[in-house]
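Subject: Structure handover

Hello,

Here is the structure I promised to pass on. Please open it alongside this note, and my findings follow below.

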Amino acid sequence: MKTRLLTAMALLLSSLGVMSQEVVESKDSESLGHGYRAFLDVELLEDVAIGFSTTHGYQFNSNFYAGAGVSYVTHIGGSSPYVLTDFRFDNIVPGKNTPFMNVRFSLNKDFFVVRPTLGYRFNHLNLGLGYWFGNNGDNFFSFSVGIDLGGRKK
């Protein structure tokens, strides 16, 4: 179990090497790089588990982001990797500090989870409160802290 946790942490930390910067959307720019955005998160699920996740995707405009990624949740009795999709609506109040809403859909073998979150972004730091709705009846409140790497369009 320690090996799996260390491997997951190493993968997430290696993602920190991705360097990006905020750019202003230009009408003459058609480069995909101008909308790239990534998130690295740590999530506490009540008192039963801790999760690490990374998502990478595209910021379509100043409000909507869609991406995909992986998460790794360690809990009493084991650990679980998940594949996920992430849909985020932010810039509700224009600026670097603003509320956000996102919904993640996660899958691990036969376990499917819908994970809505409400939060607040402080520049590139994200704090969120969410809920895990599992298809097997396992539901949990969650608290997440994460960083946001570039790509927000103005």
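A polar contact here is a pair of N or O atoms within 3.5 Å, where one must be able to donate a hydrogen and the other to accept it. Keep in mind that this is a predicted model.

That cut-off matters for Tyr65. The backbone nitrogen of Gly57 sits 3.2 Å from a polar atom of the Tyr65 side chain. The Tyr65 side chain also makes a polar contact with the side chain of Thr55, at 3.5 Å. Tyr65 belongs to strand β3, residues 64-75. Its relative accessibility is 0%, so Tyr65 counts as buried. Beyond residues up to four places away in sequence, Tyr65 touches Arg37, Phe39, Thr55, His56, Gly57, Tyr58, Gln59, Asp86, Phe87 and Arg88. Take Arg37 from that list. Arg37 and Tyr65 are 28 residues apart along the chain, yet their C-alpha atoms are separated by 8.0 Å.

Arg37 leads on to the salt bridges. How many does a search of the whole structure find? It finds seven.

Arg37 takes part in a salt bridge with Asp90, side chain to side chain, at 2.9 Å from N to O. This pair links distant parts of the chain, 53 residues apart. Arg37 is in strand β1 (residues 36-45), while Asp90 is in the loop between β4 (78-89) and β5 (97-108). Arg37 has 0% relative accessibility and therefore counts as buried. Asp90 is buried too, with a relative accessible area of 1%.

The side chain of Arg37 also meets that of Asp148 in a salt bridge, at 2.6 Å from N to O. Asp148 lies in strand β8 and Arg37 in strand β1, so this pair ties together parts 111 residues apart in sequence. Both Arg37 and Asp148 are buried.

These residues belong to a network. Salt bridges link Arg37, Arg88, Asp90, Arg121 and Asp148.

Another salt bridge joins the side chains of Arg115 and Glu43, at 2.7 Å from N to O. Arg115 is in strand β6 and Glu43 in strand β1, so the pair ties together parts 72 residues apart in sequence. Arg115 is buried, with a relative accessible area of 4%. Glu43 has 8% relative accessibility, so Glu43 counts as buried.

Now the nonpolar residues. In soluble globular proteins, nonpolar side chains tend to be buried together. Here, the largest nonpolar core has eight residues: Leu45, Ala49, Val73, Tyr82, Phe111, Val113, Trp132 and Phe140. One of them, Ala49, is in contact with Glu43, Leu44, Val73, Thr74 and His75, leaving aside neighbours within four places in sequence.

There is also a nonpolar patch on the surface. Which residues form the patch? They are Leu44, Tyr120, Phe122, Leu125, Leu129, Phe143, Val145 and Ile147, with about 660 Å² of accessible area together. Strands β6 (111-122), β7 (125-134) and β8 (139-149) each supply at least two residues of the patch. The largest share, three residues, comes from β8.

Tyr120 is found in strand β6. Why does Tyr120 count as partly exposed? Its relative accessibility is 31%, and partly exposed covers the range between under 20% for buried and over 50% for exposed.

Best wishes

Conventions
Residues are numbered from 1 along each chain as its sequence is written. This is a predicted model: local features need pLDDT of at least 70, side-chain atom pairs count only at pLDDT 80 or more; totals for chains, interfaces and linings use all residues. Side-chain values use heavy atoms; hydrogens and water are left out. Patches are made of residues with over 30% relative accessible area and no salt bridge: like charges are joined within 9 Å, nonpolar side chains (Val, Leu, Ile, Met, Phe, Trp, Tyr) within 5 Å. Accessible areas come from the Shrake-Rupley method with a 1.4 Å probe; for residues, only the protein chains shown count as cover. A salt bridge is a side-chain nitrogen of Lys or Arg within 4 Å of a carboxyl oxygen of Asp or Glu. Helices (H or I, at least four residues) and strands (E, at least two) are DSSP runs, numbered from the N terminus. Buried means under 20% relative accessible area, exposed over 50%, partly exposed in between (1.4 Å probe, protein chains only). Contact means heavy atoms within 4.5 Å. A nonpolar core is a set of buried Ala, Val, Leu, Ile, Met, Phe, Trp, Tyr and Cys residues joined through side-chain atoms within 4.5 Å.
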